[in-house]
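Subject: Structure handover

Hi,

Here is the structure for your files. My notes follow below it.

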Amino acid sequence: MKSMKKIHLILTGLLLFGLIACSDDDDNSDSHKVGSAVQFDASISEMSKEKTAGGAWTSGDEIGVYMMRSGTTLVVNNARNSQYTADASGRLSPVADPIYYPADESKNVDFVAYYPYKEVSNFLYDVNLKDQSQQSKIDLLYSNNALDINNGVTSVDLNFLHKLTKLIFNISVGQGLPASSLNNMKVNINGLNTIADF
């Protein structure tokens, strides 16, 4: 049986995306009039199943959600980085007040969301991968599939994709590489960022 050492690293690569393409503008014209509360169901894409075993949510996972006028950068009803938690099935529950649809049913909205939740400044999510001992805590997921949604939609599906890359090195002993050489082996990768803004 071959000796093998598996090394897991999460890399940012060129992480030059904006969390959402928003300005600091808000559309609070309906802030005193709201429609029904929005219900969210979150899934992790089949191509993005590394977050947890089987790609499922862990009960209590914290997610940030934004609601904007459809096709614009205007945040609606102060739904800016609203904090939700997921259960194991992906159903989201608000930590404080839920997001409400605008009262004007003729105005559709877009939703964007991300995991894991944190305080965000100027729509930039700061990524820090220096400590990778708990990779599920730094595994950035992002959803922007829920576009042009109207108040008649009772449950909004948020489909999350990974925004970081995970590299796994499988190193086996062979000619010129004895089993003892795997002890305390380290891999260094140069030229990739561990800190970035998303």
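By class, which residues make up the lining of the largest pocket? The lining has six nonpolar, five polar and one charged residues. Classes: Ala, Val, Leu, Ile, Met, Phe, Trp, Tyr, Cys and Pro are nonpolar; Asp, Glu, Lys and Arg are charged; the others, Gly among them, are polar.

Two caveats. This is a predicted model: local features need pLDDT of at least 70, side-chain atom pairs count only at pLDDT 80 or more, and totals for chains, interfaces and linings use all residues. Numbering runs from 1 along each chain as its sequence is written, and side-chain values use heavy atoms, with hydrogens and water left out.

**Fold.** The protein has 15 strands and zero helices (DSSP runs: strands E, at least two residues; helices H or I, at least four; numbered from the N terminus). Of its 198 residues, 37% are buried (under 20% relative accessible area, 1.4 Å probe, protein chains only).

**Cores.** A nonpolar core is a set of buried Ala, Val, Leu, Ile, Met, Phe, Trp, Tyr and Cys residues joined through side-chain atoms within 4.5 Å. The largest has 25 residues, and Phe40, Trp57, Ile63, Ile99, Phe111, Val156 and Leu158 have the most contacts inside it (contact: heavy atoms within 4.5 Å). Strands S4 (39–44), S5 (62–69), S7 (82–86), S10 (109–115), S12 (141–149) and S13 (155–162) each supply at least two residues of this core. S10 gives the most, with four. Apart from it lies another core, of 16 residues, including Tyr117 and Leu129.

Best wishes

Terms used: Buried < 20%, exposed > 50% of the residue type's maximum accessible area, 1.4 Å probe, protein only.
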